[in-house]
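Please look over the sequence and the structure below before reading on. The briefing that follows takes up aromatic rings, backbone angles and a pocket.

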Amino acid sequence: NGLGSMPGGRITASDNQGQWTPASKINLLKPGGFYGWVPTYSIPGKWAPDGGKIDITKLVPPTTFDRPLVYMTQEFDNSSGGQIWVDDSRFGPLAGHLLHTSFGRGWMSYLMIQDVGDISQAAIVNLPFDFSTGIMRGRMNPGDGQVYATGLQGWNGGGRIGLEEKGLQRLRYTGRPYPMVTDASVQADGLTLTFNFQLDPDVATDVRSYNATQWNYHWSRNYGSDQFSVKTDKTGVDEVAIQSATIEDGGSAVKLHIDGIQPADQLHLILHVRDRNGDAFEEEIYWTINRVPEMENNRAK
């Protein structure tokens with residue numbers, strides 16, 4: 001549906017769940033890349049691939065496709081909009097992040113992107129704002145450094161209830177503190193989360209403060225996909241055991257140690273921590289792990 005751009009000429013595009021699209025996702029586009037959709041679906045008399053020039057009965061799908069930056073569940077975003085890169089310091093702690101709009105839910109989220117060699121992957125967090133419409137197109141206004149988004153309800157049959165038919169809305173930084181996860185990265189032995197505040201070490205190092213599950217999707221001509229175990233490929237999700245949690249970066253980051261962490265189409269992490277003043281902080285992160293970095297000693301061999 002929507003496109004976005006980041007520094008360095010990097011272009012993003014979003015797809016929502018459908019045929020050959022197991023879940024809504026955001027792709028990082030590269031020349032010659034293939035992002036999964038195969039023209040094997042038509043609605044006779046209404047729509048056909050390439051205006052009916054393609055014989056979908058003879059089309060042979062590829063065997064693989066370029067993995068997305070991040071997948072999103074239907075609950076998170078059932079119909080994707082576009083992306084906005086904001087690099088204006090007047091936007092506060094969200095500056096320097098790629099934002100994503102949801103037409104289906106009327107929500108905005110932000111990405112934390114990690115490059116592992118030539119592979120990119122991301123974690124995504126929903127912002128706690130309910131827009132009055134499904135939002136599709138957003139821009140950063142160079143005049144005030146804030147983000148403006150436009151959207152509608154339209155054909156949004158499965159979206160959030162109560163969305164209005166049209167609207168232009170602003171998301172602005174008030175100047176007040178906004179606690180958030182500022183970075184999320186996959187390590188050879190776990191996950192690292194960085195915050196813009198100091199953590200209560202007693203709570204942050206308690207593994208009971210975190211709950212993680214993971215699953216894969218099946219890429220096929222079907223509309224969407226069920227959730228499948230990363231370990232067995234059977235229907236269902238895997239519980240991810242966190243062995244320990246340690247404080248890093250002087251108290252503003254936590255490392256979740258996970259034995260045998262592996263690539264997964266979707267990792268879902270819920271955390272309940274506190275800051276040094278005892279104020280609660282809760283967050284929900286959806287992650288796509290395309291590649292796990294190697295241990296430093298293994299790379300040296």
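Eleven aromatic pairs are found when the whole structure is searched, where rings of Phe, Tyr and Trp (its six-membered ring) count as a pair if their centres lie within 6.5 Å, and where planes under 30 degrees apart are called stacked, those over 60 edge-to-face and the rest tilted. The model is predicted, so local features need pLDDT of at least 70 and side-chain atom pairs count only at pLDDT 80 or more, while totals for chains, interfaces and linings use all residues. Residues are numbered from 1 along each chain as its sequence is written, and side-chain values use heavy atoms, with hydrogens and water left out.

**Aromatic pairs**

- The pair of Y41 and W47 is tilted because the ring centres are 6.2 Å apart and the planes stand at 35°.
- Y41 is partly exposed at a relative accessible area of 33%, and W47 is likewise partly exposed at 38%; on this scale, buried means under 20% relative accessible area, exposed over 50% and partly exposed in between, with a 1.4 Å probe and protein chains only.
- F195 and F197 make a tilted pair as well, with 5.3 Å from centre to centre and 55° between the planes.
- F195 is buried, with a relative accessible area of 4%, and F197 also counts as buried, at 13%.

- W20 belongs to one aromatic cluster together with F34, F65 and W219, and W20 counts as buried at 6% relative accessibility.
- The backbone of W20 has a positive phi of about 60°, although this residue is not a glycine.
- W20 sits in the loop between strand 2 (10-15) and strand 3 (24-29), strands being DSSP runs of E with at least two residues, numbered from the N terminus.
- D249, in the loop between strand 16 (244-248) and strand 17 (253-257), is another residue other than glycine with a positive phi, here near 50°.
- D249 is exposed, with a relative accessible area of 56%.

**The largest pocket**

- The largest pocket holds about 250 Å³ of space; a pocket is an open set of points on a 1 Å grid over the protein atoms alone, where a 1.4 Å probe fits, with protein on both sides within 12 Å along at least five of seven lines, and its volume is the space filled by probe spheres set on the points.
- Residues with an atom within 4 Å of a point count as lining, and those of the largest pocket include F91, F129, R172, Y173, T174 and R176.
- The lining of the largest pocket divides into eight nonpolar residues, one polar and two charged.

Definitions and conventions: Ala, Val, Leu, Ile, Met, Phe, Trp, Tyr, Cys and Pro count as nonpolar, Asp, Glu, Lys and Arg as charged, and the others, Gly among them, as polar. Helices (H or I, at least four residues) and strands (E, at least two) are DSSP runs, numbered from the N terminus.
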